[in-house]
Amino acid sequence: MEVGNLIDKIIKRDGRIVEFDSNKIYNAILKAFNETGNLKQNDYECINRIVEEISNLNKSEMNVEEIQDIVEKKLMNSKRKDVAKLYILYRNERTKVRERNAKLIKSISEKLEASNVQNQNANVDEKSFGGRIGAATSEVMKDYAMNYCMSEMAVKNHKENMIYVHDLDHYPVGDHNCMSIPFDDLLANGFNTRQTDVRPAQSVNTAFQLLAVLFQLQSLQQFGGVSATHLDWTMMPYIRKSFWKHYKDGAKYIEGATEELHIDCKPEELSIEDDWYKDCFPKAYKYAFDMTVKEVYQAVEGMYHNLNTLQSRSGNQLPFTSINYGTCTTPEGRMVTKAVLDVSIKGIGKLHKTPIFPCGIFQCMKGVNRKKGEPNYDLFRLALQSTATRLYPNYANVDWSGNEGYDINDPRTYFSTMGCRTANGWDVNGFGQLKDGRGNICPVTIILPTLAMMCRKYGESHHLIDGENGEEVLLDAFMDLLDEKIHEAKDMLLERFEFICSQSADSAKFMYENNVMAGYDGKDISSALKHGTIVIGQLGLAEALQILIGCNHTTEKGMELAKKIEGLFKKRCAEFKQEYKLNFGVYYTPAENLCYTAMQKFKDRFGIIPNVSDRDFFTNSMHVPVWEEISPFDKIDIESQLTGYSSAGCITYVELEGGVKHNIDALEQIVNYAMDKDIPYFAVNVPNDTCMDCGFTGEFNDVCPVCGSDNIQRLRRVTGYLTGNYTTAFNKGKQQEVEMRVKHQ
């Protein structure tokens, strides 16, 4: 054989030029031979011959692909065709890995450089140092989850835009979604942290400070929101403690008491309106009352500032916090609710801006705050004023039929929500309607338009829906496919639930050590996790109906099909709940980022379809599309027919003009109408624009009507929560959705 010039250089796939090393070729071929399990002595001669022939090619440099092509051909021409096949398979697999890695590196680079900001979470600054680190890390974690944590079925559903796995970047570490924190116990008993222990609160000011600390600590144990389910009741004993301190000071320094005051009970057990206080030292009573009101207001103000400044996650992310209140009729509870609403209306900071957090949720309750003459009706009116000015509070329906069986004497069982909409329903494992110490463990969302379009395309291509009964055939196929995907969604949730349960309690030591998640037996964290919810969500009901029958659920025909779809979700989740003794629930997904990304995948697969994919977003869950011209009462009438199918969280919105702040009576009528229609969770969207130069808040066009500045923050609701300027904080799809929202008049 004629020997040419030895190969000197190799050009790598990334363009780098390295020294030729024949050993790498030898080892690659040897690996293929070894894979057959039938390596013979004369095979070494074959390997050496191939390596020698390549090494002696008359080329000074070659690229990697050229060499691998030659190896393939020589193996195919040898007697070991089985080795050639293995080498080809190995080469193809390595190509896939390289392509995946290249795509991953590209994504990581974009996140680190903030060159492709997607605003996947409106509460995260993806341009900040922390945001860039978090976004890049997220890409790695998602890739790991898809390749090493999830079943092939789950990966297929996620990739093909059929069933979306939420917070995929958290899958590999096994943390859970959200939590209603048991503040009553933590403030009364104290708690442990990694570095120290914290004593029980002895004043309302301390209690509110610790509230913010606990919100922050728990938010680091999970990936979702944190909630206080009955803040007014929680703070009642600490107001009494503060009042007692102020009363003793007043008695000593104002009324000249010479002896230390004593009472026959603990201070937190005695109402601040008790006659004993009034009769003993009247002047001290007035002083203590005034000082307590002042302390409560300052404590609430401090809470608002803390929760809008305590950045606890990468990307300058604030904890997603929610506070439920409004049902406590004691003077102490009323004092808390009034202070919360007064501070909300006033705003925070130098410009008195609308606070993003916490999400305020006023709990409407018959006999307590719904009508004139009820003890907290005045606070309901104050809540309406705050909503008209600041968008918060939203409204939770304590009398909602879905919370049947709650204990009227235990506010921990009153209907409450996380701000986005997540709710804890009846616990199949013994906690009943208890909300505290429970949360959502993990969600998935079924992309309804994808399923609908798959059925339509298949029916059209096989001429199954051409005839007189075509629509019936299409609907039967869709319901069958939906049922199949609901079962697969269940399997995906069980898969993730088991993975979360496999984690050590040390992974979330604060949560388990302090019984923040209730029910932990000290051995197996599933003893606590089983009380949470695992939920099947949905996206794009309106668009799916459009694909299937040419109209959405604002029509009688559309509503009939919508109820059939939602009925299947509810029926299956009820069955799963009993079969697996886990709290499966129907979830009307707050698809902040998903409404956009799912639409992009849909367009890539099916193209632009009028009234379906000719926008940049899918309609969230089962909502009436934002572009529908409709009255607020009609919107409530439509959505109230579907909210009862959801046990794990839903919300209904209406869009109103900014002028509603001058017509609180009309707003009251709308909120009460929603409550009477058995809407569990209700919110009102009003324009909230703030001039960043003079602080004027209202609705205006391009410039501030007061000072003429164009430095405007345009605050809007993204899901259940508020966020910053929607024109910069929201993703492209959510921005378009906001711009298309019509006023419900």
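In the predicted model, the exposed residues E152 and K159 lie on the face of helix α6 turned away from its buried side; exposed denotes over 50% relative accessible area, buried under 20%, and partly exposed the range in between (1.4 Å probe, protein chains only). Helices (H or I, at least four residues) and strands (E, at least two) are DSSP runs, numbered from the N terminus. Helix α6 spans residues 152–159, and its buried residues are A154, V155, N157 and H158. These cover an arc of only 165° around the axis and therefore fall on the same side of α6, the arc being that of the directions from the helix axis to the C-beta atoms. An α-helix has 3.6 residues a turn, so residues three or four places apart point the same way. After α6 comes N161, with a positive phi near 65°.

An open sheet of mixed pairing is formed by 4 strands in the order β4-β12-β13-β14; two strands pair if DSSP finds at least two bridges between them. Because β4 (163–165) and β14 (583–587) stand at the edges with a single partner strand each, one side of each has no neighbour in the sheet. Strand β4 runs antiparallel to β12 (residues 440–447), to which 3 bridges join it, and I163 is placed opposite I446 in β12.

Residues are numbered from 1 along each chain as its sequence is written. For this predicted model, local features need pLDDT of at least 70, side-chain atom pairs count only at pLDDT 80 or more, and totals for chains, interfaces and linings use all residues, while side-chain values use heavy atoms, with hydrogens and water left out.
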